[in-house]
Amino acid sequence: MSVLKSMCLAFSMYSKIPVPRVAWEEKNMRYVLCFFPWVGIVIGAGMYGLWTLRSRLGVYVPFSVFVLTGTVLPVLVTGGIHTDGFMDTMDALHSYQDRQRKLEILKDSHIGAFACIGFLCERFLYAAALFFVLEERQALFLGLGFILSRILSALALVTVKSAKQDGLLYTFASGADKKTVLAVLSIELFLSVLAGFFLFGYWGVVCIICGMAVFFYYEWMSYRQFGGVTGDLAGWFVIVYELVFAWLTGIMRYVWNLL
């Protein structure tokens, strides 16, 4: 029963998908991070559904409709929780202050100029990447990015030191059954890589490996700039990883056709 409650907590925290209300108790939070990637499955399915609907309606629908709708869909499903973290992190990184001041900026509910600039640039670049998603396999592969970003983010939460001893991220990380969470996330990661291989062969796996560069940079940047990970930094990672993965998905079509 606690597993189902953990799933409900994961969806209530990381999405706007209606689920039964569950008490925020320690026993219900043990497996929340196991279900974090499931939110990515919903977003990936939604993106594939948008792509399929446009191509099979039987009437002409401009490709830009898919691009623009697909650009806002992840924000609508998540309620902007990762976008909020991304914007706070952009303000903190571009403040060029000391570590303590950067952590304070992350907690500030106000947004600055760099948050707005970063968000607009990121969304426009993401929309540009979607213009290259022209094949059904690409639409499916794109969906993997939403799953992988959350798998890797969850792995970081339970393996990398937290920059603060309070906050939502620390609560989830400290309350998690880490052995079980690591085992489940490892299985989910393996299945995602297997799906990438099924869609694009070894080049699909190479694409996923290239995306890992964002993960390693995230760990390095978190330690160097903030002394560890925070919830806002985790949101930054999810957004940046999905942006890079979208471009890798678009480029993959040309690599595949050349070979």
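1. Which side chain meets Glu242 in a salt bridge? Arg150 does, at 2.6 Å from N to O. A salt bridge here is a side-chain nitrogen of Lys or Arg within 4 Å of a carboxyl oxygen of Asp or Glu. Glu242 lies in helix 10 (residues 231-258) and Arg150 in helix 7, so the pair ties together parts that are 92 residues apart in sequence. Helices are DSSP runs (H or I, at least four residues), numbered from the N terminus.

2. A word on the source. This is a predicted model, in which local features need pLDDT of at least 70, side-chain atom pairs count only at pLDDT 80 or more, and totals for chains, interfaces and linings use all residues. Residues are numbered from 1 along each chain as its sequence is written, and side-chain values use heavy atoms, leaving out hydrogens and water.

3. Are the two partners from point 1 buried or exposed? Glu242 counts as buried, because its relative accessibility is 5%. Arg150 is buried too, at 1%. The cut-offs: buried means under 20% relative accessible area, exposed over 50%, and partly exposed in between (1.4 Å probe, protein chains only).

4. How many salt bridges are there by this rule? The count comes to 4. Another one pairs Glu122 with Arg123, with the closest N and O atoms 2.7 Å apart. Glu122 is buried at 4% relative accessibility. Arg123 is buried as well, with a relative accessible area of 11%. In general, side chains of opposite charge can pair when their charged atoms come close.

5. Arg101 and Glu104 also form a salt bridge, at 3.3 Å from N to O. They are 3 residues apart in helix 5, so about one helical turn separates them. Arg101 is partly exposed at 38% relative accessibility. Glu104 is partly exposed at 40%.

6. Now helix 3, residues 63-78. It has 16 residues and reaches 24 Å from its first C-alpha to its last, close to the 22 Å expected. The expected span is 1.5 Å times one less than the number of residues. Helix 3 bends by about 30° at Val72, and Pro74 follows within four residues. The bend is the angle between axes fitted to the seven residues ending at a residue and the seven starting there. After helix 3 comes Gly79, with a positive phi near 75°.

7. What does helix 3 pack against? Its buried residues pack against helix 1, helix 2 (32-56), helix 4, helix 6 (113-130) and helix 7 (136-159). Contact means heavy atoms within 4.5 Å. Among the buried residues of helix 3 are Phe63, Phe66, Val67 and Pro74.

8. Helix 1 covers residues 2-14. Its 13 residues reach 18 Å, close to the 18 Å expected. Buried residues in helix 1 include Cys8, Leu9, Phe11 and Tyr14.

9. Check Tyr96. Its phi is near 55°, a positive value in a residue other than glycine. Most residues other than glycine have a negative phi. Tyr96 lies in the loop between helix 4 (81-93) and helix 5 (99-107). Tyr96 counts as exposed because its relative accessibility is 65%.

10. Last, the surface. Ile187, Phe190, Leu191 and Leu194 make a nonpolar surface patch of about 420 Å². Patches take residues with over 30% relative accessible area and no salt bridge; like charges are joined within 9 Å, and nonpolar side chains (Val, Leu, Ile, Met, Phe, Trp, Tyr) within 5 Å. Areas come from the Shrake-Rupley method with a 1.4 Å probe; for residues, only the protein chains shown count as cover. Ile187 lies in helix 9 (residues 178-226). At 51% relative accessibility, Ile187 is exposed.

Methods:
Helices (H or I, at least four residues) and strands (E, at least two) are DSSP runs, numbered from the N terminus.
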